[in-house]
Amino acid sequence: MTAAAERTQDGTINDAAVDDVLAVAREQVLDRGVGLTREQTLRVLRLDHDRLDDLLALAHEVRMKWCGPEVEVEGIVSVKTGGCPEDCHFCSQSGRFPTPVRSAWLDIPGLVEAARQTAETGATEFCIVAAVRGPDARLLAQVREGVKAIRASGNDIQIACSLGMLTQEQVDELVDMGVHRYNHNLETARSHFPNVVTTHSWEERWDTLRMVREAGMEVCSGGIVGMGETDEQRAEFAEQLAELDPHEVPMNFLIPQPGTPYEKYEQVEGKDALRVIAAFRLALPRTMLRFAGGRELTLGDLGAEKGMLGGVNAIIVGNYLTNLGRPAQQDIDMLADLKMPIKALSDTL
Ligand code: SF4
């Protein structure tokens, strides 16, 4: 950091430094497609609020140049809800906390109907999710039957899964079923993970992602912002995701869930959320960055449009796993207003 880039007393960075880090990002990320380093990401995360619009504009230019205008739309469905033995402190589906979520299974007709509704919105991705440490034989059999039934119904939407940690045999089984993408979030920086989860390690999650990639499935891995991590840890997480180089990074913002250890956490402020999205876009110029859970609450009046113009190029439509999202049509209309085409199925095959 140059002398002009010293931080002011309130922890922000003065204008000369702002210009400097954005100018560096313009040349490095926009022109050459090289993502920000951890240190550079940290400087972006500490930019003054006054410069947020400049940052978002740059993140949008980067997204348009390296990813294009298309937006990938995805729907998700929970095939097994609640009762999870793990203790992820943000999660209302953990059976270890007194949350109102009860254990439930979705049957095959329900799965087929959810896939149909998702395809109807124009979405190209349908992700089958289960609240488990990892899948057992019953769950894998249910997923296999579900994928078969969705195909038999004439729906050719792409199918992704999120079923927790996998063994090599399970990875191979999912490939055999035709599952093309696997979601498994690293959730947060490696250094912060033990504060968030104690029943398994960040490295175990990383191992699953490595096997998924080696088996030829697309890797989807992101996390949750607002779990008590520092700016340094946000920058660390961006660097670790860049090292993983996933096809897709879903960005969630904590929704403090009743009964969980994080129930009293403050929500991330809208402007901070936008800044994090833009910083991650600059750290991951070519990665699909998806708005996932929590955006309605976090962005509020700022609106999802701001994020779509600040680096995001994929969304989850409809309801999330345990929280209601806004109606899918509202998001589809928003994309039309922004003149951002929905990525077509033929582009993703
Ligand atoms: S493993 Fe998944 S479902 Fe289980 S507690 Fe953690 S985040 Fe929730």
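How many disulfides does the count come to? Zero, in this predicted model.

**View 1. Cysteine C220 is in no disulfide.** The nearest cysteine sulfur belongs to C127 and is 6.9 Å away. C220 is buried, at a relative accessible area of 5%.

**View 2. Eight names line the surroundings of the ligand: C84, E86, C88, F90, C91, S94, A131 and V132.** This shell divides into six nonpolar residues, one polar and one charged. E86 is the charged member, because Glu counts as charged. S94 is the polar one, since Ser falls among the others in that scheme. C84, one of the shell residues, is buried, with 10% relative accessible area.

**View 3. Y262 and Y265 form a stacked aromatic pair.** Their ring centres lie 4.3 Å apart, with 25 degrees between the planes. The pair counts as stacked because the angle is under 30 degrees. Y262 is buried at 3% relative accessible area. Y265, at 33%, is partly exposed. The whole structure holds three aromatic pairs.

**View 4. Two arginines lie over tryptophan faces.** R138 sits over W105, at 3.8 Å from the ring centre. R286 sits over W66, at 4.3 Å from the ring centre.

**View 5. Confidence along the protein.** The mean pLDDT is 89, and 90% of residues reach 70 or more. Residues 1–6 fall below 50; beyond near neighbours in sequence, this stretch has twelve contacts in the model. Residues 320–324 are also below 50, and that stretch has 19 such contacts.

Key:
Residues are numbered from 1 along each chain as its sequence is written. This is a predicted model: local features need pLDDT of at least 70, side-chain atom pairs count only at pLDDT 80 or more; totals for chains, interfaces and linings use all residues. Side-chain values use heavy atoms; hydrogens and water are left out. pLDDT is the predictor's confidence in each residue, from 0 to 100. Contact means heavy atoms within 4.5 Å. A disulfide is a pair of cysteine sulfur atoms within 2.5 Å. Buried means under 20% relative accessible area, exposed over 50%, partly exposed in between (1.4 Å probe, protein chains only). A residue is near a molecule or strand if one of its heavy atoms lies within 4 Å of it. Rings of Phe, Tyr and Trp (its six-membered ring) pair if their centres lie within 6.5 Å; planes under 30 degrees apart count as stacked, over 60 as edge-to-face and the rest as tilted. A charge sits over a ring if NZ of Lys or CZ of Arg is within 6 Å of the ring centre and within 35 degrees of the ring normal.
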